[in-house]
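Reader: I am new to reading structures, and I would like to go through this one slowly. Could we begin with the words we will need?

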Amino acid sequence: MARLGRAFTPNVVGVILLLIALTLIPYLLPRLIGVSSTHPGGEGAVFGFSLSLILFITVLASRLRGFLQTTAIMLGILAGSLGFWAWAALDLTPVRDASWLSLPGGLWPGMPRFSLSAVLSSILAYLAVAVNAVGACMAWAGCLDTPRSPSGWTGGLRSPAWRGWRRRVWALSERWATRPAQG
């Protein structure tokens with residue numbers, strides 16, 4: 001798990017979460033403002049309740065600690081479900097009528113088409129990976145006692161980074177060879 005944690009730095013996780021949120025906006029916004037067949041323009045009370053739930057989840061996530069902090073979204077979903085149920089606005093008939101096991105339909109919706117949102121998402125993802133790579137290179141340069149300049153990263157076996165790595169390995173091997181015998 002530690003190796004996985006090093007791969008997903010806060011920069012990468014933040015950009016991925018941002019991309020997920022931006023991708024879901026067209027689908028969540030009508031539900032957030034209460035668009036339905038009876039209210040095609042949305043409903044102010046639903047929008048207000050949705051905003052209060054977002055604030056509730058944010059407060060929970062900032063105040064709770066440990067395991068409870070990771071349950072903030074689930075607690076918000078439960079609070080929202082209970083609130084809409086008490087308001088008699090929770091319709092569970094689609095859940096009741098859904099089949100237990102089914103294959104997804106419409107896996108091939110047609111020919112691919114150009115999507116500006118997909119291009120922008122790819123650019124943001126690329127920038128996140130580039131920022132992560134530069135941060136990793138700077139961290140390695142700090143660990144290897146090399147100057148933090150790009151010239152030290154591209155010099156092959158004669159680069160300062162390689163020399164710093166060899167110097168550290170040599171010092172560790174000397175320390176290992178001269179340690180007292182345990183016995």
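Author: A residue counts as exposed when its relative accessible area is over 50%, and as buried when that area is under 20%. Please keep in mind that this is a predicted model. With the cut-off in hand, Arg 96, at a relative accessible area of 63%, is exposed, and Asp 97, at 57% relative accessibility, counts as exposed too.

Reader: How many salt bridges does the structure hold, and which residue forms a salt bridge with Arg 96?

Author: Side chains of opposite charge can pair when their charged atoms come close. The structure holds one salt bridge, and in it Asp 97 pairs with Arg 96, with the closest N and O atoms 3.7 Å apart.

Reader: Where does helix H2 bend?

Author: Helix H2, which covers residues 10-33, bends by about 60 degrees at Ile 25, and a proline, Pro 26, follows within four residues. Just after H2 comes Gly 34, whose phi is positive, at about 85 degrees.

Reader: What is the volume of the largest pocket, and which helix gives the most to its lining?

Author: Rolling a probe the size of a water molecule over the atoms shows where empty space is left. The largest pocket has a volume of about 1,200 Å³, and H2 gives the most to its lining, with eight residues. The 30 lining residues include Leu 28 and Phe 84, which are among those nearest the centre of the pocket, and the lining divides into 19 nonpolar, nine polar and two charged residues.

Reader: Which helices each supply at least two residues of the lining of the second largest pocket?

Author: They are H2 and helix H7 (116-143), and the residues that line this second largest pocket include Pro 26 and Leu 124.

Methods
Residues numbered from 1 in each chain as written. Predicted model: local features only at pLDDT ≥ 70, side-chain atom pairs only at ≥ 80, totals over all residues. Heavy atoms only, no water. Salt bridge = Lys/Arg side-chain N within 4 Å of Asp/Glu carboxyl O. Buried < 20%, exposed > 50% of the residue type's maximum accessible area, 1.4 Å probe, protein only. Bend = angle between axes of the 7 residues up to and from the residue. 1 Å grid on protein atoms, 1.4 Å probe; cavity = no way out; pocket = protein on both sides within 12 Å on 5 of 7 lines; lining within 4 Å. Points joined across faces, edges and corners; volume = space filled by probe spheres on them. Nonpolar A, V, L, I, M, F, W, Y, C, P; charged D, E, K, R; others polar.
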